[in-house]
Amino acid sequence: MFFLKELPTQAMLEKYTSHLSGSEASSIADALMIMRRASLLVRSLEVYFSNNGLSQLRFLILVVIDREPNRESLYSHEIASRLDVSKPVLTRTLKRLIDDGLLSSSPNTVDRRSKQITLTKKGSECLSQVLPGYFDKINDLMREY
């Protein structure tokens with residue numbers, strides 16, 4: 001997260017970027033603005049997800065499973081490879097999503113230690129309700145940019 005409410009002044013940027021070309025210094029100012037706006041978006045999304053009984057991680061797990069075009073389930077290690085989260089955090093979050101009825105888990109017929117994680121009807125309905133507002137929040141940010 002980018003916690004700076006007010007970006008550095010033009011004078012400050014000029015002082016510390018004097019060794020850079022004008023376009024490089026301008027790129028830094030643009031990047032700081034993008035970081036600030038992205039931070040505001042993340043905060044807004046956290047509130048949005050919370051109001052919908054989710055967290056960003058819970059939402060992303062549902063999305064990762066739903067976006068697979070030719071599969072209905074993923075193994076937990078496949079979900080982990082698509083997200084930047086530790087295995088213990090993922091395991092706890094998957095368990096909560098299963099307990100809440102948004103996902104189901106079934107053993108692999110070949111390797112019983114491996115679990116197939118599937119989006120339930122309730123999980124699909126949750127995404128159908130949450131995704132339009134999620135995209136609206138992103139659209140709001142891009143409209144301002």
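In which helix is Glu14 found? Glu14 lies in helix H1, which covers residues 10-16, where helices (H or I, at least four residues) and strands (E, at least two) are DSSP runs numbered from the N terminus. The model is predicted, so local features need pLDDT of at least 70 and side-chain atom pairs count only at pLDDT 80 or more, while totals for chains, interfaces and linings use all residues. Residues are numbered from 1 along each chain as its sequence is written, and side-chain values use heavy atoms, with hydrogens and water left out.

Glu14 is partly exposed, with a relative accessible area of 48%; buried means under 20% relative accessible area, exposed over 50%, and partly exposed in between (1.4 Å probe, protein chains only). From C-alpha to C-alpha, Glu14 and Pro107 are 60 Å apart in space, and they stand 93 residues apart in sequence.

The protein chain as a whole has six helices and three strands, which follow one another along the sequence as α-α-α-β-α-α-β-β-α. The C-alpha trace spans about 65 × 30 × 25 Å along its principal axes. The radius of gyration of the protein chain is 20 Å, whereas a compact globule of 145 residues would have one near 15 Å; this radius is taken over C-alpha atoms, and the globule rule is 2.2 Å times the number of residues to the power 0.38. Of the 145 residues in the protein chain, 31% are buried.

The largest nonpolar core holds 27 residues, and those with the most contacts inside it are Ile61, Leu62, Ile79 and Leu103. Such a core is a set of buried Ala, Val, Leu, Ile, Met, Phe, Trp, Tyr and Cys residues joined through side-chain atoms within 4.5 Å.

| Element | Residues |
|---|---|
| helix H2 | 22-51 |
| helix H3 | 56-66 |
| helix H6 | 121-144 |

H5 and S3 also give two or more residues to this core. Leaving aside residues up to four places away in sequence, Leu62 touches Leu54, Leu97, Leu102, Leu103, Leu119, Cys126 and Leu127, a contact being heavy atoms within 4.5 Å.

The lining of the largest pocket takes its largest share, six residues, from H5. By class, this lining has five nonpolar, five polar and four charged residues; Ala, Val, Leu, Ile, Met, Phe, Trp, Tyr, Cys and Pro count as nonpolar, Asp, Glu, Lys and Arg as charged, and the others, Gly among them, as polar.
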